[in-house]
Amino acid sequence: MWGDVVVELDPKETGKLVTSANKKEFVDTYVNYIFNQSVEVVFEEFRKGFFKVCDMDVVEFFQPEELRGVMVGKENFDWETLKQNTV
């Protein structure tokens with residue numbers, strides 16, 4: 001269960017029980033559901049909105065840490081390093 005949704009451990013085997021032998025499969029399935037499947041609709045709407053204001057070609061230039069810094073912001077900028085690395 002996640003919220004009010006019943007999620008099958010194995011969609012091919014409805015009602016499959018969790019046992020000591022398949023506990024890793026359970027954890028993997030649970031984590032995948034929580035972090036991926038359960039947020040698909042919300043994430044897709046976020047993604048659409050994000051790419052309306054941020055061009056995908058520009059976003060691809062950034063490493064994840066750099067993009068986070070651009071999106072969240074920083075208080076202290078190293079302008080000299082930025083100047084040295086800018087073409």
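In what order do the elements of the protein chain run from the N terminus on? They run α-α-α-α-α, and the chain accordingly has five helices and zero strands. The model is a predicted one, and the points below are grouped by topic.

**Confidence**
- The protein chain has a mean pLDDT of 86, and 97% of its residues reach 70 or more.
- Helix H2, residues 40-53, has the highest confidence, with a mean of 92.
- Confidence is lowest in helix H4, which covers residues 64-72 and has a mean of 82.

**Overall dimensions and surface**
- The radius of gyration of the protein chain is 21 Å, whereas a compact globule of 87 residues would have a value near 12 Å.
- Along the principal axes, the C-alpha atoms occupy a box of roughly 60 × 30 × 20 Å.
- Of the chain's 87 residues, 10% count as buried.
- The accessible surface amounts to about 8000 Å², and carbon and sulfur atoms account for 59% of that area.

**Charged side chains**
- The protein chain carries 17 negative and 10 positive side chains.
- The centres of these two sets lie 2 Å apart.
- Lys83 is located in helix H5, which spans residues 79-84.
- Lys83 counts as exposed because its relative accessible area, 56%, is over the 50% cut-off.
- Between Lys83 and Glu40 there are 39 Å in space, C-alpha to C-alpha, and the two are 43 residues apart in sequence.

**Aromatic residues**
- Four aromatic pairs are found in a search of the whole structure.
- One of them joins Phe43 and Phe46, whose ring centres are 6.2 Å apart and whose planes make an angle of 40°, a tilted arrangement.
- Both Phe43 and Phe46 belong to helix H2, where three residues, about one turn of the helix, separate them.
- Phe43 has a relative accessible area of 48% and is therefore partly exposed, as this value falls between the cut-offs of 20% and 50%.
- Phe46, at 52%, is over 50% and so counts as exposed.
- A single aromatic cluster is formed by Phe43, Phe46, Phe50 and Phe51.

Definitions and conventions:
Residues numbered from 1 in each chain as written. Predicted model: local features only at pLDDT ≥ 70, side-chain atom pairs only at ≥ 80, totals over all residues. Heavy atoms only, no water. Helix = DSSP H or I, 4+ residues; strand = E, 2+ residues; numbered from the N terminus. Rg over C-alpha atoms; globule rule 2.2 N^0.38 Å. Buried < 20%, exposed > 50% of the residue type's maximum accessible area, 1.4 Å probe, protein only. Areas by Shrake-Rupley, 256 points an atom, 1.4 Å probe, with all protein chains shown as cover. Lys, Arg positive; Asp, Glu negative; His and termini not counted. Charge placed at Lys NZ, Arg CZ, Asp CG, Glu CD. pLDDT = per-residue confidence, 0-100. Phe/Tyr/Trp six-rings, centres within 6.5 Å; stacked < 30°, edge-to-face > 60°.
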